[in-house]
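Please keep the sequence and the model in view while reading.

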Amino acid sequence: MSGRPTSRGSTRLFRAPSEDASSSSSGSAVLPQQENPDASGLTRSWKTVMGMVFILTLLLLGFVHHMKRKEKEFPQKSRQIYALIAEYGSRLYNYQARLRMPKEQLELLKKESQTLENNFREILFLIEQIDVLKALLRDMRDGLHNYSWNADIDPTEGWNHTEVIDEEMSTLVNYILKKLREDQVQMADYALKSAGASVVEAGTSESYKNNKAKLYWHGIGFLNYEMPPDIILQPDVHPGKCWAFPGSQGHALIKLARRIIPTAVTMEHISEKVSPSGNTSSAPKEFSVYGISKQCEGEEIFLGQFVYNKTGTTVQTFALQHEVPEFLLCVKLKILSNWGHPNYTCLYRFRVHGTPRDDS
């Protein structure tokens with residue numbers, strides 16, 4: 001009985017070292033398990049870094065590829081833009097070519113109209129001179145009728161007398177033609193544009209906007225074709241070549257070719273016979289003239305008020321009602337009314353006459 005317990009105790013004593021060894025071995029086995037988390041964390045961080053480097057490399061390669069592709073596409077876009085500009089340039093050239101043809105035809109019509117107007121004025125002037133020629137022919141016929149042929153006189157003297165009459169008729173015709181080509185006013189025009197006169201637009205009414213005198217392209221109006229105010233300072237007078245302003249009242253400030261003391265003015269308009277509309281209701285009726293002192297910016301000096309008679313001659317000269325003691329460089333024309341046109345007034349030509357200053 002006493003021996004078995006001893007053996008059990010020895011057994012326990014024998015097992016105890018094994019348990020210690022097992023516990024120590026288990027402890028040593030647990031230690032490597034506690035060191036594995038550090039190694040795995042380091043491996044994950046390297047994988048993350050490598051992954052980011054790989055992603056950045058892919059992004060960089062994609063960006064480089066995009067830039068190369070963009071550089072290849074840019075010349076194509078520039079060529080497309082150049083082709084588009086060339087196409088629009090071609091269209092613009094064709095459009096301008098179409099515009100030039102009507103303009104040339106319009107200039108031709110204007111020249112023909114001017115020629116017809118000049119011929120018509122010559123005809124009117126010749127008609128007025130026909131009465132003078134008829135009177136001269138009646139006087140010569142009466143003289144020939146009362147002339148008695150003498151048998152003792154050589155017949156060649158009669159032929160000589162006829163030749164003298166023919167010469168006188170030829171001289172008279174040449175005189176009439178010479179007068180026809182001369183200016184009817186026979187006074188210097190100091191408001192003539194070719195002599196240096198001009199219209200001061202800042203002191204002039206606006207021109208009349210006429211939709212009928214507009215150029216159209218595909219139904220869109222883009223350019224008004226109208227006569228400028230300085231057309232009234234030019235000698236070319238034929239239907240349509242006038243300055244029109246809206247309404248029945250307007251004004252024009254004219255800078256003369258040189259300083260003068262104004263003595264008379266001349267207003268010119270076309271006659272009803274050559275007017276395309278058959279009337280001259282747009283002609284000015286009542287108008288007044290003012291002199292401007294101090295370089296076109298001083299006070300207005302009243303020179304006179306007049307009435308243009310549309311049933312009279314086309315060229316009408318008016319002596320100024322008030323004289324000025326000083327030489328003036330600018331004159332202002334004020335149209336007060338017209339002959340009934342409701343929309344606009346048309347002015348063809350205006351002249352200013354006077355005594356120039358002796359600069360010598």
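A disulfide is taken here as a pair of cysteine sulfur atoms within 2.5 Å. This is a predicted model, in which local features need pLDDT of at least 70 and side-chain atom pairs count only at pLDDT 80 or more, while totals for chains, interfaces and linings use all residues. Residues are numbered from 1 along each chain as its sequence is written, and side-chain values use heavy atoms, with hydrogens and water left out.

By the disulfide rule, the count is two. When the bonded cysteines of the chain are numbered in sequence order, they pair as 1-4, 2-3. Strands are DSSP runs of E with at least two residues, helices are runs of H or I with at least four, and both are numbered from the N terminus. The other disulfide joins C296 to C330, with an S to S distance of 1.4 Å. Here C296 lies in the loop between strand 6 (286-292) and strand 7 (300-307) and C330 in strand 9 (residues 328-335), so the parts tied together are 34 residues apart in sequence. C242 and C346 are both buried, and so are C296 and C330; buried means under 20% relative accessible area, exposed over 50%, and partly exposed in between (1.4 Å probe, protein chains only).

What is the secondary structure of the chain as a whole? It comes to two helices and 11 strands, in the order α-α-β-β-β-β-β-β-β-β-β-β-β along the sequence. Of the 360 residues in the chain, 27% are buried. Among contacts (heavy atoms within 4.5 Å) between residues at least 6 apart in sequence, 76% join residues at least 24 apart.

F54, I55, L56, L58, L59 and L61 make a nonpolar surface patch of about 650 Å². L56 belongs to helix 1 (residues 3-146), and L56 counts as exposed because its relative accessibility is 55%.

Key:
Patches are made of residues with over 30% relative accessible area and no salt bridge: like charges are joined within 9 Å, nonpolar side chains (Val, Leu, Ile, Met, Phe, Trp, Tyr) within 5 Å. Accessible areas come from the Shrake-Rupley method with a 1.4 Å probe; for residues, only the protein chains shown count as cover. A salt bridge is a side-chain nitrogen of Lys or Arg within 4 Å of a carboxyl oxygen of Asp or Glu.
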